Amino acid sequence: MNKTCLECGEKIVGREDKKFCSDGCRNAFNNKINKDSTNFMRNVNNKLRKNYRILSEINTEGKSKTTRAKLLSKGFDFDFFTNILNTKTGNTYYFLYDQGYMHLDNDFYMLVKKDI
Ligand SMILES: [Zn+2]
């Protein structure tokens, strides 16, 4: 079986389980993977931080109401949150760390701050 290097495509000679032709290629390949994952994580963390900042700005009282339009106008991204809390009464809160929100009727959202 002819195997080729995952990084440069050169034919690999030697052990059957080798994936790279050289240490240099293995390092280059792994660095790329790590870079992609750290870029992705950085982007997600930035979104989470931004969402958290927006909720903290609006919800200064610890409990308040706001609208979807207001959240969106500040750049809030509803796809990113840290955890979901389903209450016994059937409500679903989405949390960004200790700041949470729950969809109310129409365009309204209830903002809450978790007591830690
Ligand atoms: Zn190579």
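Q: Lysine 113 first: buried, partly exposed or exposed?

A: Lysine 113 counts as partly exposed, at 39% relative accessibility. For the wording, buried means under 20% relative accessible area, exposed means over 50%, and partly exposed is in between, with a 1.4 Å probe and protein chains only.

Q: Before we go on, what kind of model is this, and how are residues numbered?

A: It's a predicted model, where local features need pLDDT of at least 70, side-chain atom pairs count only at pLDDT 80 or more, and totals for chains, interfaces and linings use all residues. Residues are numbered from 1 along each chain as its sequence is written, and side-chain values use heavy atoms, with hydrogens and water left out.

Q: OK. Which residue does lysine 113 form a salt bridge with?

A: Aspartate 98, with the closest N and O atoms 3.8 Å apart. That pair links distant parts of the chain: lysine 113 is in strand 5, while aspartate 98 is in the loop between strand 3 (92-96) and strand 4 (99-103), 15 residues apart. A salt bridge here is a side-chain nitrogen of Lys or Arg within 4 Å of a carboxyl oxygen of Asp or Glu. Helices (H or I, at least four residues) and strands (E, at least two) are DSSP runs, numbered from the N terminus.

Q: And aspartate 98 itself, buried or exposed?

A: Aspartate 98 counts as buried, at 14% relative accessibility.

Q: How many salt bridges turn up in the whole structure?

A: Five. One of them joins aspartate 77 and lysine 47, with the closest N and O atoms 3.2 Å apart. Aspartate 77 lies in the loop between helix 2 (68-73) and strand 2 (83-86) and lysine 47 in helix 1, so the pair ties together parts that are 30 residues apart in sequence.

Q: What's the relative accessible area of lysine 47?

A: It's 36%, so lysine 47 is partly exposed.

Q: Which residue does lysine 74 form a salt bridge with?

A: Glutamate 57, and the closest N and O atoms are 3.5 Å apart. This pair also links distant parts of the chain, with lysine 74 in the loop between helix 2 and strand 2 and glutamate 57 in helix 1, 17 residues apart. Lysine 74 is partly exposed at 34% relative accessibility, and glutamate 57 is partly exposed at 45%.

Q: Back to aspartate 77. Which side chain reaches its backbone oxygen?

A: That's asparagine 51, at 2.7 Å. The cut-off for a polar contact is a pair of N or O atoms within 3.5 Å; within protein, one must be able to donate a hydrogen and the other to accept it, and residues adjacent in sequence count only if both atoms are side-chain atoms.

Q: Where does asparagine 51 sit, and is it buried or exposed?

A: Asparagine 51 is in helix 1 (residues 23-58). It's buried, with a relative accessible area of 1%.

Q: What else does asparagine 51 touch?

A: Leaving out residues up to four places away in sequence, asparagine 51 touches Gly75, Phe76, Asp77, Phe80 and Leu96. Contact means heavy atoms within 4.5 Å.

Q: New topic: how many disulfides are there?

A: Zero, from a search of the whole structure. The test is a pair of cysteine sulfur atoms within 2.5 Å. As for cysteines, cysteine 5 is buried at 3% relative accessibility, and cysteine 25 is buried at 12%.

Q: Which strand pairs with strand 1?

A: Strand 5 (residues 108-113), in the antiparallel sense over five bridges. Two strands pair if DSSP finds at least two bridges between them. Lysine 65 stands opposite methionine 110 in strand 5.

Q: Which residues are on the covered face of strand 1?

A: Ser64 and Thr66 are on the covered face of strand 1 (residues 63-67), and Lys63, Lys65 and Thr67 are on the uncovered one.

Q: Which non-glycine residues have a positive phi?

A: Among them, tyrosine 97 has a phi of about 60°, and asparagine 106 has one of about 55°. Tyrosine 97 is in the loop between strand 3 and strand 4 and is partly exposed, with a relative accessible area of 41%. Asparagine 106 is in the loop between strand 4 and strand 5 and counts as exposed at 69% relative accessibility.
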